[in-house]
Amino acid sequence: MLLSMTGYGRAFKQAGEKEFSVEIKSLNSKEKDIRLKYPANYKEKDIEIRNIISEIADRGKIDLLLSVKTNGAEDSMYLDRPLFKKYYKELTSLCEELDIEKQNLMQAIVRMPNVVTANDGTVDDAEWTLVKATIQEALDALSKYRSDEGASLYSEFKKRTEIILELLGSVDGFEAERIARMREKLLTLLDDNLPSDKIDKNRFEQELIFYIEKFDITEEKLRLKLNCNYFLDELCNTEKVKGRKLNFICQEIGREINTLGSKANHHDLQKIVVQMKDELEKIKEQLANVV
């Protein structure tokens, strides 16, 4: 099963006068990078939230936003007076030093970080249970999104790999012509540089066999086919497929295609190799998005 690293999930719940919403986004990243944003009184839950996310996220940059809104007439805001005074003192001094008017200073300080915060109080067990359920619901939505994306990637990878195998199958049609051209080329070189009575035909045939063996692509074709089939097998694996593993297999596929190209010594065969590389590159581009 393929999972995309890109995804989005959202959930919302309400209990009494409080509304809880969770948004979670996932983007491409080689490693796991979890970033959380929540009200200050949820700081003690940081590790637990990270553990909940880690159960479904092996790789990717994940951003979670937990919002808690309190409805009602009671005072739900808190002014940090010491921090306000500190900002005021520093900014007033700076305004005097730079000869800047102070008429909008109050509004500016109120907007400074942590000056005015939600006075949410402690998080009791009932509230935390509800918040965990909200987080889990958002994660479930994220997982579905990534699973749907993974299904699209599966179809794309399967299609591209099968094209490479089809191209590989067309290589056999050029084998006889390729060997004949190599033999003709060597004979022409000999005829141009040596009298015909100086050429030992038996020795020439022996040397030709040795020379052709250097350009034999039988092993490369076999390994390329095996690696492509291995890639397809991993795609069909019902367990969660690791993007790194598929990437390693792609590297092996690329290595065999490159070797095939270096030994081709045939224009039409080189064109097939270029087509293979193009299909493989399309796989690699999308593979960076697999968990």
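Trainee: In this structure, is Phe157 buried or exposed?
Mentor: The model is a predicted one. A residue counts as buried when its relative accessible area is under 20%. Phe157 has a relative accessibility of 0%, so it counts as buried.

Trainee: What is the relative accessibility of Phe231?
Mentor: Phe231 also falls under the 20% limit for buried residues. Because it counts as buried, its value must lie below that limit, and it is 0%.

Trainee: How many aromatic pairs does the structure hold?
Mentor: A pair of aromatic rings is described by the distance of the centres and the angle of the planes. Rings pair if their centres lie within 6.5 Å. The number of aromatic pairs in the structure is two.

Trainee: Which term describes the pair formed by the rings of Tyr42 and Trp128?
Mentor: The centres of these two rings are 6.3 Å apart. Planes under 30 degrees apart count as stacked and those over 60 as edge-to-face. The planes of Tyr42 and Trp128 stand at 50°, so the pair is tilted.

Trainee: How many residues apart are Tyr42 and Trp128?
Mentor: Tyr42 belongs to the loop between β3 (32–37) and α1 (46–54), while Trp128 belongs to helix α4 (residues 125–171). The pair thus links distant parts of the chain, and the separation is 86 residues.

Trainee: Which term describes the pair formed by the rings of Phe157 and Phe231?
Mentor: The ring centres lie 6.2 Å apart. The planes are at 70°, and because this is over 60 degrees, the pair is edge-to-face.

Trainee: Which element gives the largest share of the lining of the largest pocket?
Mentor: The largest pocket has a volume of about 230 Å³. Its lining includes Met5, Ser29, Arg59 and Arg244. The elements that give two or more residues to this lining are α8 (243–264) and α9 (267–287). The largest share, three residues, comes from α8.

Trainee: How many charged residues are in the lining of the largest pocket?
Mentor: Lys30 and Lys284 are among the lining residues, and Lys counts as charged. Alongside four nonpolar and three polar residues, the number of charged residues is four.

Trainee: What distance separates the C-alpha atoms of Gly60 and Asn28?
Mentor: Gly60 is in strand β4 (residues 60–70) and counts as buried, at 0% relative accessibility. Leaving out residues up to four places away in sequence, Gly60 touches Met5, Leu27, Ser29, Glu31, Lys32 and Asp33. Asn28 is 32 residues from Gly60 along the chain, and their C-alpha atoms are separated by 5.0 Å.

Trainee: Is Ser21 buried or exposed?
Mentor: Ser21 lies in strand β2 (residues 18–27). Beyond its neighbours within four places in sequence, Ser21 is in contact with Ala11, Phe12, Leu65, Leu66 and Ser67. Its relative accessible area is 16%, so Ser21 is buried.

Trainee: What percentage of the residues of the protein chain count as buried?
Mentor: The secondary structure of the chain comes to nine helices and six strands. Of its 291 residues, the share that count as buried is 34%.

How values were computed
Residues are numbered from 1 along each chain as its sequence is written. This is a predicted model: local features need pLDDT of at least 70, side-chain atom pairs count only at pLDDT 80 or more; totals for chains, interfaces and linings use all residues. Side-chain values use heavy atoms; hydrogens and water are left out. Rings of Phe, Tyr and Trp (its six-membered ring) pair if their centres lie within 6.5 Å; planes under 30 degrees apart count as stacked, over 60 as edge-to-face and the rest as tilted. Helices (H or I, at least four residues) and strands (E, at least two) are DSSP runs, numbered from the N terminus. Buried means under 20% relative accessible area, exposed over 50%, partly exposed in between (1.4 Å probe, protein chains only). On a 1 Å grid over the protein atoms alone, a cavity is a set of points where a 1.4 Å probe fits but cannot get out, and a pocket is an open set with protein on both sides within 12 Å along at least five of seven lines; lining residues have an atom within 4 Å of a point. Grid points are joined across faces, edges and corners, and a volume is the space filled by probe spheres set on the points. Contact means heavy atoms within 4.5 Å.
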